[in-house]
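Have the model open in a viewer while you read.

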Protein chains: 4
Amino acid sequence: MKARSTTLTQSGSLHGGDSKLVLQEEQRQDLGFGTKLNDPLSRLINKDGSFNIQRANEPFWDRVNLYNRLITMSWPQFLALVGLFYLTVNLLFAGIYLLLGAENLKGIADLTLYGRFWNSFFFSAQTLTTVGYGHIYPNSFITSTISSFESLVGLLAFALVTGLLYGRFSRPVAHIRFAKQAVFAPYLDVNAWMFRIINARSNQLIDVEVEVSLSRLEVHKGVKQRRYYTLNLERKKVTFFPTNWTLVHPITDESPLHGCTPEDLAESDAEFLILLRAIDDTFSQTVHARCSYRYNEVLWGHKYQPMFDGSKQGVVTLDLNLLDATTPAALN
Amino acid sequence: MKARSTTLTQSGSLHGGDSKLVLQEEQRQDLGFGTKLNDPLSRLINKDGSFNIQRANEPFWDRVNLYNRLITMSWPQFLALVGLFYLTVNLLFAGIYLLLGAENLKGIADLTLYGRFWNSFFFSAQTLTTVGYGHIYPNSFITSTISSFESLVGLLAFALVTGLLYGRFSRPVAHIRFAKQAVFAPYLDVNAWMFRIINARSNQLIDVEVEVSLSRLEVHKGVKQRRYYTLNLERKKVTFFPTNWTLVHPITDESPLHGCTPEDLAESDAEFLILLRAIDDTFSQTVHARCSYRYNEVLWGHKYQPMFDGSKQGVVTLDLNLLDATTPAALN
Amino acid sequence: MKARSTTLTQSGSLHGGDSKLVLQEEQRQDLGFGTKLNDPLSRLINKDGSFNIQRANEPFWDRVNLYNRLITMSWPQFLALVGLFYLTVNLLFAGIYLLLGAENLKGIADLTLYGRFWNSFFFSAQTLTTVGYGHIYPNSFITSTISSFESLVGLLAFALVTGLLYGRFSRPVAHIRFAKQAVFAPYLDVNAWMFRIINARSNQLIDVEVEVSLSRLEVHKGVKQRRYYTLNLERKKVTFFPTNWTLVHPITDESPLHGCTPEDLAESDAEFLILLRAIDDTFSQTVHARCSYRYNEVLWGHKYQPMFDGSKQGVVTLDLNLLDATTPAALN
Amino acid sequence: MKARSTTLTQSGSLHGGDSKLVLQEEQRQDLGFGTKLNDPLSRLINKDGSFNIQRANEPFWDRVNLYNRLITMSWPQFLALVGLFYLTVNLLFAGIYLLLGAENLKGIADLTLYGRFWNSFFFSAQTLTTVGYGHIYPNSFITSTISSFESLVGLLAFALVTGLLYGRFSRPVAHIRFAKQAVFAPYLDVNAWMFRIINARSNQLIDVEVEVSLSRLEVHKGVKQRRYYTLNLERKKVTFFPTNWTLVHPITDESPLHGCTPEDLAESDAEFLILLRAIDDTFSQTVHARCSYRYNEVLWGHKYQPMFDGSKQGVVTLDLNLLDATTPAALN
């Protein structure tokens, strides 16, 4: 009992005053999802770490969430968007120069409509990127004004693009690989629920801390509600993380999984929610990773195979391919 | 009693030594506003999160606070300022080139004063942005010197502008929407003061923590003073924040709101001060939000409507439009 | 006694094992200066927050500490350095072009040595800044190579310069103004050592925390040593910091200043060391400020004047000019 | 006993439930290396702070770890890479222009193959850096397209390069110099294991915290395993770090080194692992340093020489050359 209430003191107050119900409610754990998500078909955390929640009536700009989207979209998407933007802006300015009369741009040899258009287009590109060869140049007040404005637009727009480019490149992300399946394995003289992680990159993570919660449906006084339990871990923090790490929740008397069968897990729509915090050593930045295992992603009676190769002298080799490898193991 | 003193240990020392008055003063809570703000007409925290304090005799540069202002001003203001800066610098350099004699700039066809001026102006723009077409170019030592200097100025100035542009774009801000009105609603077997928040953007906030204080005027030994109380919350921290969150202060015996009527709140100029801290998951940055509810922004005997739409299978939809929606509810 | 040992648990371990001397040494406080700095003529922390320590035999690059120096030097120094760098690099490349023969640069009209030199110089400037008008251009393999290299150098060098420029501009600094003199004033039924601070800028600081230590020379068993004491404050942390803040160390029985006279302070070369930590709200960055008061910067029997102006209704005005203002006050 | 379990509460849970073995395992310390690294020939932490672990079957991009490598490689390597990149991209585009026919580039005087090639090459360089003199310019639709694309590539590529350049320059690193050898020296009435550090740079580090662990091989029930012990320090945190700092682990009854001989250390392949955390004051960034001393890097019966020079009045001089200096000292 003491274990659970100690955890509670950190995340909530423990002072129900004169009301027993208030005290009881204060002791109920909640990760922030609430008790209403009681549809057994959905998972709370998707495999990519996002949440399985839809939002209605979100204002346009909040939904677009421009910066966040530009930073987190894939590289091909981002580069395609930059190319599209470059093309569009140049087409727009080319149109303006053409409209104003291409005779205001000196140096265009090909005076057909087609020639004037593409020369205007490339003049625009040379202005936007500030390359400015000068074989075509603005010859009148109005085109000089437009091209001065365009070079300003170019400087500002490319400031954003290049900022985003480097922001994407240098963004601190925990490249944690979680084993595809958690296991229910024998552990010392009891059993334990375990999962295994590795650092996919060779940059160092330090002060790695993991929090595991169990979410499941329970019936209280006839009402189905989603409940949350923090799972005690044999070790929840390590200073260094150079190798693999198996996180172990021993199924003791105090565990909410005590006496649980695979069928119980399935029936209660159990999901194990994982939050990892660490510090990336390169820039001393905090990084996070999220993951979840649903009841059908837990192997019963299996244990993980070792990932170390001790065949060479004086050096330890970690075989990343063995992350998901398990072997059957009789439960205690 | 224990609740209040536990909170105190974190923000101050508890060792009054031999003086009872010192001990008592140490236990008084203060958010940093002091006890002198006892004018019932003012609010402490404005709705935009700023403080309702004026400053006199602030030195010029401290008052201007350039960087802070450039980062927090609105986008139209910022872009207008950039445009104005571009125009002004070019006008300035155009004036210099004109003064030095536009014959020092080769390539100007229109030799009227007007023609020399605008050609000088656009030459300046082409130099400042480093686009440098070259159809106009400096033809003498003095204009070469000026234009070399101008291109250096341009590089440095645009470094600041583009840095600011990206800094504004990537600045970590908690886009928290607070319900327009707090409520005084029934809660389990007691009543509670509540307010509701949502994350306006779809980026993830984690480790969200909320601190609520009550500020009100009290008369101690005939002197009106402003006092502060930290309000105990049923839950003050959540790990994830994908949906809405109703923060609940149960009115138990220990609450400074115990036995309070709407009239009491109004008379004591009560204001609920809220500070939210969270971690934005995209860049693992800490973000803050502030808000306050004055006594006339609390609805008595209302509760919030649920924001979830459970009509679709396997997916949960949060209707952001319902944030402010309340229904009457009889108090206990 | 309990107060002091509680503080110690945070900064050191309390387990001396079987040795009483080890236990005693573990309980001695030390800020990191050590006990050897026992020259009464020196101060530990200078008024600008730096430390009064000289370093001998530091390797050249460590002593130069380029990045740190470029970020913290004054703006005029920085801009002069940038100008000097621009000039030097252009002189260097101008020399190279001249040496290679200015006939390799086409477009130079003035073929005197002087003319060739300044044309080479400005061609270099136009290349370094990538403005590239093109009225002078490299006409041979060798000058083309040099100018290609110079434009690369320009891009890289200006990347550093502009990065530094913005880094200087956006660097998080706590603009805390400390009152020129601390005071020894009556406080409730005892006396207290106090000092006062304000936030010089209008950007918001939150979670402001102050740590005050007393450093003084003491004679233990005939050996003069510097000792350190953390001073208990009536309040050492505030959530918001919109106004002024007077930090108060009450002189109770437990205070190391109990029974102290101005002469005692002078004799023991007393210095009050202050470290302030806060979070700047604009970018949610942690900021620090350091300061110290020596024994001769403490006014005995004075108290600070209030800084508030309550003459206007509904608004509170803080007069920053009154920060240092004190009035005599009889000590208890 | 109390010391060790207090430390454990911070890094793990203490609730073994009904299983004594689980409880015992929870109390075992582990830094994240695991118990399997029991080859006495290897060290865990290399002298540069990296880990002595090899990784097999790492996917290509994870192994390359581009950003991390570009940030941490040496300056000559980085600059060589930038030069190589510049050369390669220009060669590539020069090839394309040549293939398309150099007659599409106007302004090339030397029409030999060699002349056309190097003119294409330098045109490419002028486009990539956006210097764009314009004496050579694209004269057809196809070369205009290619050069528009090249200037876009140039802007994006140099955005990365310059971002990396400044990122490398401004990267927060703790320039801590560790004494070459740790010592086993007399300390008060016992002995102590000590090592000494200085801040190699003059920028200020504050809140410096050090964690020292002992790793050694032990035989438990016939199985050789690597075990870890946190070593209690006389002082593990200092607020300021302006001078040198000798970290002291007193060998009391509770120390895992109690009664240890140099031979014991060698036989058990002992390694002292050190992690230092601090805050760099310039940008208020957290920095880390790692180091380790193996059993053969510990001097028995030596103590460190003082590094202070007190010969000048009113100023304290720290002689960095004396960091490694020791003198023999008889052990207690």
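## Where chain B meets chain C

Two salt bridges turn up across the interface of chain B and chain C, a salt bridge being a side-chain nitrogen of Lys or Arg within 4 Å of a carboxyl oxygen of Asp or Glu. Asp207(C) and Arg277(B) pair up in a salt bridge through their side chains, at 2.5 Å from N to O. On the side of chain B that touches chain C, helix H7 (residues 141-170) of chain B gives the most, with 14 residues. Helices (H or I, at least four residues) and strands (E, at least two) are DSSP runs, numbered from the N terminus.

Chain B puts 76 residues into the contact and chain C puts in 64 residues, with contact meaning heavy atoms within 4.5 Å. About 6,500 Å² is buried between chain B and chain C, and carbon and sulfur atoms give 60% of that. In chain B, the residues that lose the most area to chain C are Gln54(B), Arg55(B) and Tyr67(B), together 10% of what that side buries. Buried area is the accessible area (1.4 Å probe) that two parts lose on being put together, summed over both.

## What this model is

This is a predicted model, in which local features need pLDDT of at least 70 and side-chain atom pairs count only at pLDDT 80 or more, while totals for chains, interfaces and linings use all residues. Residues are numbered from 1 along each chain as its sequence is written, chains are lettered from A and ligands numbered from 1 in the order in which they are written, and side-chain values use heavy atoms, with hydrogens and water left out.

## Where chain A meets chain D

Now for chain A and chain D: 64 residues of chain A are in contact with 78 residues of chain D. The area buried between these two chains is about 6,500 Å², 60% of it from carbon and sulfur atoms. Tyr133(A), Phe169(A) and Phe240(A) supply 12% of the area that chain A buries against chain D, more than any other three residues.

Two salt bridges cross between chain A and chain D. Arg277(D) and Asp207(A) meet in a salt bridge at 2.5 Å, N to O. The count of residue pairs in polar contact between chain A and chain D is 11, both residues at pLDDT 80 or more. H7(A) brings seven residues, the largest share of the side of chain A that touches chain D.

## Salt bridges within chains

How many salt bridges does a search of the whole structure find over all chains? The search gives 32. Glu211(D) forms a salt bridge with Arg277(D), the closest N and O atoms being 3.0 Å apart. This pair links distant parts of the chain, with Glu211(D) in strand S7 (residues 205-220) of chain D and Arg277(D) in strand S11 (residues 271-280) of chain D, 66 residues apart. Asp207(A), Glu211(D) and Arg277(D) are joined into one network by salt bridges that share partners. Glu211(D) is partly exposed at 26% relative accessibility, whereas Arg277(D) is buried at 16%. Buried means under 20% relative accessible area, exposed over 50%, and partly exposed in between (1.4 Å probe, protein chains only).

Lys180(D) and Asp324(D) also meet in a salt bridge, at 3.6 Å from N to O. The two residues of this pair are 144 residues apart and link distant parts of the chain. Lys180(D) counts as exposed at 60% relative accessibility, and Asp324(D) is partly exposed at 32%. In chain B, the side chains of Glu234(B) and Arg235(B) form a salt bridge at 3.7 Å, N to O, and both residues are buried.

## Confidence and domains

The predictor gives the complex an ipTM of 0.79 and a pTM of 0.84. For chain A the mean pLDDT is 85, and 91% of its residues reach 70 or more; pLDDT is the predictor's confidence in each residue, from 0 to 100. Over residues 1-14 of chain A, pLDDT stays under 50. Where pLDDT is low, the predicted coordinates should not be read in detail.

Chain A is divided into domain 1 (1-26), domain 2 (31-35 + 173-328) and domain 3 (67-170), with bounds that come from an automatic or database domain assignment. The C-alpha centres of domain 2 and domain 3 of chain A lie 51 Å apart.

Terms used:
Polar contact = N/O pair within 3.5 Å; in protein donor to acceptor, adjacent residues only side chain to side chain.
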